[in-house]
Amino acid sequence: MKIRDITNCIEEIAPLNYAEDFDNVGLLIGDYNTTITGVLVTLDTLENVVDEAIEKKCNLIVSFHPIIFSGLKKLNGKNYVEKVVLKAIKNDIAIYAMHTALDNSIIGVNAKICEVLGIKNLTILIPQKNTIKKLTTYAPTENAEKVRHALFNAGAGTIGNYINCSFNINGVGTYNGNENSNPTIGEKGILHAENETCISVIFEKHKEKSILKALFEAHIYEEVAYEIVAIENLNQEIGIGMVGELDEEISEIDFLKFVQKTMSSKGIRHSKLIGKPIKKVAVLGGSGSFAIENAINAGVDIYITSDIKYHEFYKAENKLIIADIGHYESEQFTKNLLVDILTKKFPNFAIILSEKNTNPIYYL
């Protein structure tokens with residue numbers, strides 16, 4: 001099995017196209033065509049994690065956080081990033097990271113937090129913009145059904161709970177091939193009019209390559225006329241953060257204690273309690289101060305995240321509780337999620353959960 005087999009599996013649930021622009025995701029070190037001896041899954045790639053990979057004969061580390069985030073100008077081993085990169089290269093260990101691509105997956109980081117906390121009826125807190133495109137093409141009417149179904153099979157035409165969605169208009173198309181043409185219908189040099197069907201479908205942008213491949217293979221024309229445009233419709237399947245509900249209301253203090261215990265938080269920093277039971281909850285793993293207003297607009301009772309600064313707690317304005325449970329604590333179950341996904345896909349291959357606690361923060 002090759003590294004590409006593992007990364008393709010991960011990218012089915014967390015396409016790299018949906019990582020945030022500032023992020024650095026994908027195969028950071030190594031060759032996609034390398035044969036894998038074992039996979040070690042971790043939240044962070046530190047030196048002791050590379051040592052663990054060496055010990056357990058894993059030549060691929062799948063890490064949530066990217067060890068290379070900004071540009072490397074030198075590799076002298078003078079900081080922890082350079083030391084990790086050098087050790088990985090010296091020992092032929094590849095490193096792959098998906099970070100915000102998995103944050104933006106509907107079954108990713110935040111869905112896992114909700115699962116652990118028993119939060120249900122989930123929707124995305126901040127749907128990602130500009131993730132949907134529309135394809136319009138024109139096929140001979142006799143060829144239209146084949147083209148349409150090829151597009152559906154490639155992943156086009158899904159809207160929420162509906163599949164095989166398209167819009168079709170019948171009309172007449174004209175063309176006149178030059179001396180180098182080889183028309184499937186009609187003769188070159190002669191203007192031809194053909195009954196055609198205009199087919200429009202929407203698709204998620206990461207599927208564009210496979211959808212165009214399906215279009216060209218199913219269409220009978222030598223030259224296929226088509227256009228692709230980005231549309232501003234929100235995609236409820238892709239985005240960051242999650243909103244859901246508890247089965248039953250619970251008091252603020254009891255819920256905070258439950259979260260602290262369940263997430264193994266050494267201490268929860270939170271805004272002022274507002275004296276109402278907790279039912280509707282928003283979560284966002286990692287640094288989530290930018291989404292406080294979104295949580296308020298979602299009408300939640302509490303917003304669970306991390307890395308909230310002093311003045312940002314004021315933004316609660318008695319409309320909700322902001323709870324900072326710790327960055328590592330909010331993302332700790334991500335590696336379990338990845339191990340579960342990869343183990344189900346590759347049940348006879350060594351997918352190993354790292355035993356290293358990579359939390360850089362300690363408490364008295």
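1. Start with His65. Leaving aside residues up to four places away in sequence, His65 touches Leu43, Asp44, Ala97, His99, His327 and Glu331. Keep in mind that this is a predicted model.

2. Where does His65 sit? His65 lies in the loop between strand S3 (60-63) and helix H3 (80-90). The relative accessible area of His65 is 15%, so this residue is buried; the cut-off for buried is under 20%.

3. Look at Glu331 again. The side chains of His65 and Glu331 make a polar contact, at 2.9 Å.

4. The axes of helix H2 (residues 47-55) and H3 cross at roughly 15 degrees and come within 9 Å. H2 is therefore roughly parallel to H3, since angles under 35 degrees count as such. H2 passes H3 in a right-handed crossing.

5. Which residues make this contact? Glu47, Val50 and Asp51 come from H2, and Lys83, Val84, Lys87 and Ala88 come from H3. Sorted by class, the contact of H2 with H3 has 4 charged, 3 nonpolar and no polar residues.

6. Now take the other pair. Helix H6 (residues 141-153) packs with helix H7 (residues 208-218) at an angle of about 160 degrees, and their axes are 9 Å apart. H6 and H7 are therefore roughly antiparallel to each other. The crossing of H6 past H7 is right-handed.

7. On the H6 side, the contact uses Asn143, Lys146, Val147, Ala150 and Leu151. H7 brings Ile211, Ala214, Leu215 and Ala218. By class, the contact of H6 with H7 has 7 nonpolar, 1 polar and 1 charged residues.

Note on methods: Residues are numbered from 1 along each chain as its sequence is written. This is a predicted model: local features need pLDDT of at least 70, side-chain atom pairs count only at pLDDT 80 or more; totals for chains, interfaces and linings use all residues. Side-chain values use heavy atoms; hydrogens and water are left out. Helices (H or I, at least four residues) and strands (E, at least two) are DSSP runs, numbered from the N terminus. Buried means under 20% relative accessible area, exposed over 50%, partly exposed in between (1.4 Å probe, protein chains only). A polar contact is a pair of N or O atoms within 3.5 Å; within protein, one must be able to donate a hydrogen and the other to accept it, and residues adjacent in sequence count only if both atoms are side-chain atoms. Contact means heavy atoms within 4.5 Å. Axes are lines fitted to C-alpha atoms, for helices over the stretch in contact, and angles run from 0 to 180 degrees between N-to-C directions. Angles under 35 degrees count as roughly parallel, over 145 as roughly antiparallel, 65 to 115 as roughly perpendicular and the rest as oblique. A crossing is left-handed if the near helix is turned anticlockwise from the far one by less than a right angle, and right-handed if clockwise. Ala, Val, Leu, Ile, Met, Phe, Trp, Tyr, Cys and Pro count as nonpolar, Asp, Glu, Lys and Arg as charged, and the others, Gly among them, as polar.
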